[in-house]
Amino acid sequence: MYEPILEKPKSFFDIYKEKSGDQTITHYCPGCGHGIVHKYVASALDELNLTDKAIFVSPVGCSVFGYYYFNTGNYQAAHGRAPAVATGTKRVNPDSIVISYQGDGDLAAIGTAEIIHAANRGELMTVIFINNAIYGMTGGQMAPTTLVGQKTTTSPRGRNPYNEGYPVKMCELISQLNAPIYVERVALNNAANRAKAKRAIKKALKLQAERKGFTFVEVLSQCPTGWKVDPPDSLKWIEEKMIPYYPVKVFKDISNEAEPYPEPKKIVSGNELLEILGIKSEEEKDLKKYEIPKEYRNPKIKIAGFGGQGVLLLGVALAQVGMMEGYNVTWIPSYGPEMRGGTANCSVNISDGLIGSPVVEKPTILVAMNKPSMEKFEKDMVPGGILFYNTAMIDEEPKRDDITKVPVPATKIASDLGNIRVGNMVMLGAIIEKTKLLPFETVKKGFEYFISRKNLIPLNEKAVEAGMRYVRENNL
Amino acid sequence: MSKELLKGNYAVIKGALLAGCVAYFGYPITPASEIAEAAAYYFPPAGRTFVQAESEIASINMVYGAAGAGVRCMTASSGPGISLKQEGVSYIAGAELPCVIVDIMRGGPGLGNIAPEQGDYHQVVKGGGHGNYKCVVYAPNSAQEMCDLTYKAFDTADKYRNPVYVLADGFIGQMMEQVDFSHLKPIEPKKLEWGVHGTPDSKNLINSIYLDPDVLEAHNRKLQEKYKKIEENEAIFENYKVDDADLILIGYGITSRILRSVVDEARNSGLKVGLFRPKTLWPLAKDEINRLVGSAKKFLVVEMSNGQLVDDIRLIVEGKIPVEFYGRMGGNVPTVDEVLEITKKLS
Ligand SMILES: Cc1ncc(C[n+]2csc(CCOP(=O)(O)OP(=O)(O)O)c2C)c(N)n1
C-alpha cells in the first residue's frame, strides 16, 4: 500500500528523546497522514541540504509534537499562531528556512487571520497545511474543512451549511493574494498523488531557500481515528469525498517570474545608530542658565484657543526653548473631558526643580486665543498672574483686576503678515518681550526643532518679532 | 544637544533601540500609537525589523518567534490590545523567553475611552494570562523614565529570561519632557546562545508544553524559584519626604507626579506628608513598605482606577496601619486640590 521506507531521513532524530514511552516510533495513530508528510518534509530538507538551517514551527493539534522528530531548530506555537511565530523568527533569522506546519483547525479556523496576513506579507516561509477535515487532537470535532454532511462529535447529524456554513477552501483563498508565489493542493490517497505531494513540499522549500517568496502546500490527509474508518478506507474517503470538493492541483505558481527578495539591511550599531536617532553625543556645554526675572520664575503656563490656532505648538515652542536654556520642562495637551467645547489647550511648566504634576490647574501665565478660553480659564489664574489675550478674537475685557492684562491682536497682526496661522508666534513674541521669560536668540535657535516645515521658519520669526514690537510700541 | 524634548511614547523607542532591540511587532491603538509610529520610523533604517501585525494576538506571537531566537524584541499596546495578548504572554513566560511589552493604559472596561487610566494593573501585574507566571512591571512617571526603564527592561528580561512590562498611562505617553540620552550607551545587538538561529549549533527547542504532571510541576517550581529571586533583587522605588511623615501617599505613574505636588502643598500648610512611589509594581518593594509602616501612621493610596495597587499594599501592611484609598476612573486625572483636601482630612 505504502512505498517502503528505505531509510530514515537524517533530518529526523534517531531516537525521539523528547517523547515519553517508546522513543523509536511516532505518537501518531496507525494510518495517520501526519507521519507521511513529516517524512516528506524531512527528506526534502535532506535532499536540499537545508536541515541545519531549518526551523520547524509545530502548531497546536496532533502535530504539536513535531519537535519530537525534526533535528532542526524547533518552536511550539500557540493554537493558530504558527505563521506569526514563523514571521517573528524568520525576520530575525533571515538566513534560516522556516516551516509553519499546521492542521486545519489551527490554520483555517482560529488562525485564519495569521495565515492570510503572513501570506499577504509574502513572508519567506513555507506553510504545510494538513487538511484532514477534522479536529484530530481534541477527539474528532468539526473542523472548518469538515465536508457538508460529514458527521463529527460537534456535527452529530452531519455538517449543515445553514448552521455551520461550507467547508473553507484555503488554497483558493491564499492564491487570490498577490504575494504568494506557489500554492498547491496535494493528497495522500495513492502512490501517484503521494509522489506529487513529496515533490510539492520539496519545491516549496527550494523556493524559500532561493528567497523567492511565500509558499503554501495543502495536503489532503487521512485521519482514520477521527473519521472512525479503517486506514485503507480512509484513503478511499480522500479520493471519493475530499478530492471532488478540494481539487488537487497547482493554484498558483509564479516562481519562475518571481525575483529573489532583496537582502535585508544589516543591523547598524554604535555611532550610526546614534545618528539615526538624532542623538548628538557632543558634551553639553556647561551653559549658564538664562536668568528668568524673579516675578516670572517657575511659570505654570496654560495656552488655550480653537483647534487650528496653534496653541499646542506655542506650548511646545515654550517648552523647547525653556529646555534649551537648561530648565526642566513639561508639555501636556488637553486630554479627555477637558477637550469638550471646541477648545484645545495645553499646560507648560518651565522649572528650576523637578516638576510634580504637569497639569497646570492654576496658571501663572494664561494665553487665551479665543473667547471661550478666556471665559474658561481666567478664573483659575493665580492672583498676580499675567494674562495674554487675543483681542482680534475676544471682544470683552477680562474680569479679574488682580492680574496683569496684556491685550494683543495676535490674529490681526498675523493676518497683516499674510498668514493668520502664525498668530501663535505673535503671542510668543509678546510673551517673551513682556516677561523676558526666554531670550529671542534662543527662540530663533529653537525654530528648527518645533517648526517642521523649514521654509516657514522666516515667517514664524517675523511673527515673533512683530509680537515683540507690538508690546514695545504700545508700552504694554 | 544631548537633550531632546520628546513624548514619552517616542522616548520608549529611542530607549529600546539604544538597548539593542532588533524587532518591533505591533498594532495601532490610542494612546500607544506613537510607539509603533516611532518604531516604524527608526527601526528599518537601523537595520532592524518593524512589522505592523494584523492584530495584537499576531504581534505577541511574532514576539514569541523573535524572542525564541534570543534577540531583544518588543511590542506595545493599550488595554484592549493587552487583553488580546495575554495568551501569548503566558506562552512567553512558560517558554522562559525575554521580551518587553509596553502598555499605555486607557480608560476601560470594554472600549472605554482613550483618556488615561490605571485600570490595567491587575491584568499586567497579576500575570493576566493563564497559569502560574509573573512578569516584571516597571512604572515610569516621566518621559526620561520611559526611555531609561525601557532600556533597563531589556536587561532584566534577558537576565531572567522573562517577559517584562513597561506600564504607563496615556498621560505619561503623551506628555513631552526633556530627555537626556547621554548616560545610555548603545548596546550591540546579539543572539543569545540558547535561542534558535537557524544554524547547526542552535537546534534548540522553544516550548511550553510538558505532558507529565510531575515534569510540569517541576517546571512551575523552577519558575517560582526564579520569581523569588526577582522579588529579592529587582524591586525599585522612590521616596519623597517620608522620613518624618505621618501620612504617606502612595501612587505610581502620572498619579505619583500629582502626589508629589500634593506633598509640597501639604508641607506648605505644615502637614507631615510624604510620598512612596513604586517604580516596579511587581515586584513591589515589600521591605521598604514595611519600614514605612513602622514610621508612618497612615497610608493613602491614590490610583486612576477602582483600587488595584491598594490591594497589594494592604496585603503587605496586614492591617498594621490604616490604608486609605482614593481613586478616579474613566479618564479623569485627580487634581492636586482634590487630593490635597483628602490629605488634609486624613492628617
Ligand atoms: C486557544 C486554544 N483553543 C483550543 C485549544 C484546543 N485544541 C487543541 S488541538 C485543537 C484542534 C486541532 O485541530 P487541527 O488543527 O485540525 O489539527 P489536527 O489535530 O487535526 O492535526 C484544539 C481546538 C487550544 N489548545 N488552544
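Visitor: How do helix 3 and helix 4 of chain B pack?

Guide: Helix 3 (residues 56–67) of chain B and helix 4 (residues 79–94) of chain B meet at an angle of about 25 degrees, their axes 8 Å apart. That makes helix 3 of chain B roughly parallel to helix 4 of chain B. Angles under 35 degrees count as roughly parallel, over 145 as roughly antiparallel, 65 to 115 as roughly perpendicular and the rest as oblique. Axes are lines fitted to C-alpha atoms, for helices over the stretch in contact, with angles from 0 to 180 degrees between N-to-C directions.

Visitor: What am I looking at, and what are the ground rules?

Guide: This is a predicted model: local features need pLDDT of at least 70, side-chain atom pairs count only at pLDDT 80 or more, and totals for chains, interfaces and linings use all residues. Residues are numbered from 1 along each chain as its sequence is written, chains are lettered from A and ligands numbered from 1 in the order in which they are written, and side-chain values use heavy atoms, with hydrogens and water left out. Helices (H or I, at least four residues) and strands (E, at least two) are DSSP runs, numbered from the N terminus.

Visitor: Which residues of helix 3 of chain B meet helix 4 of chain B?

Guide: B:Glu56, B:Ile57, B:Ser59, B:Ile60, B:Val63 and B:Tyr64. Their partners in helix 4 of chain B include B:Leu84, B:Val89 and B:Ile92. Contact means heavy atoms within 4.5 Å. The contact has 8 nonpolar, 3 polar and 2 charged residues. Ala, Val, Leu, Ile, Met, Phe, Trp, Tyr, Cys and Pro count as nonpolar, Asp, Glu, Lys and Arg as charged, and the others, Gly among them, as polar.

Visitor: What about helix 2 of chain A against helix 3 of chain B?

Guide: Helix 2 (residues 82–92) of chain A packs on helix 3 of chain B at about 45 degrees, with axes 6 Å apart. That makes helix 2 of chain A oblique to helix 3 of chain B. By class, the contact has 7 nonpolar, 5 polar and no charged residues. A:Ala84 and A:Gly88 are among those on the chain A side. B:Ala58 and B:Gly65 are among those on the chain B side.

Visitor: Is strand 6 of chain A buried or exposed?

Guide: Strand 6 (residues 215–220) of chain A is mostly covered, with 6 of its 6 residues buried. Buried means under 20% relative accessible area, exposed over 50%, partly exposed in between (1.4 Å probe, protein chains only).

Visitor: Which strands pair with strand 6 of chain A?

Guide: Strand 4 (residues 126–131) of chain A pairs with strand 6 in the parallel sense over 6 bridges. A:Val127 stands opposite A:Phe216 there. Strand 5 (residues 182–187) of chain A also runs parallel to strand 6, joined by 6 bridges. A:Arg185 has A:Glu218 as its bridge partner.

Visitor: Last one. Where is B:Cys73, and what does it touch?

Guide: B:Cys73 is in strand 4 (residues 73–77) of chain B. At 1% relative accessibility, B:Cys73 counts as buried. Not counting residues up to four places away in sequence, B:Cys73 touches residues including B:Cys21, B:Val63, B:Cys99 and B:Phe154.

Methods:
Pairing = 2+ DSSP bridges.
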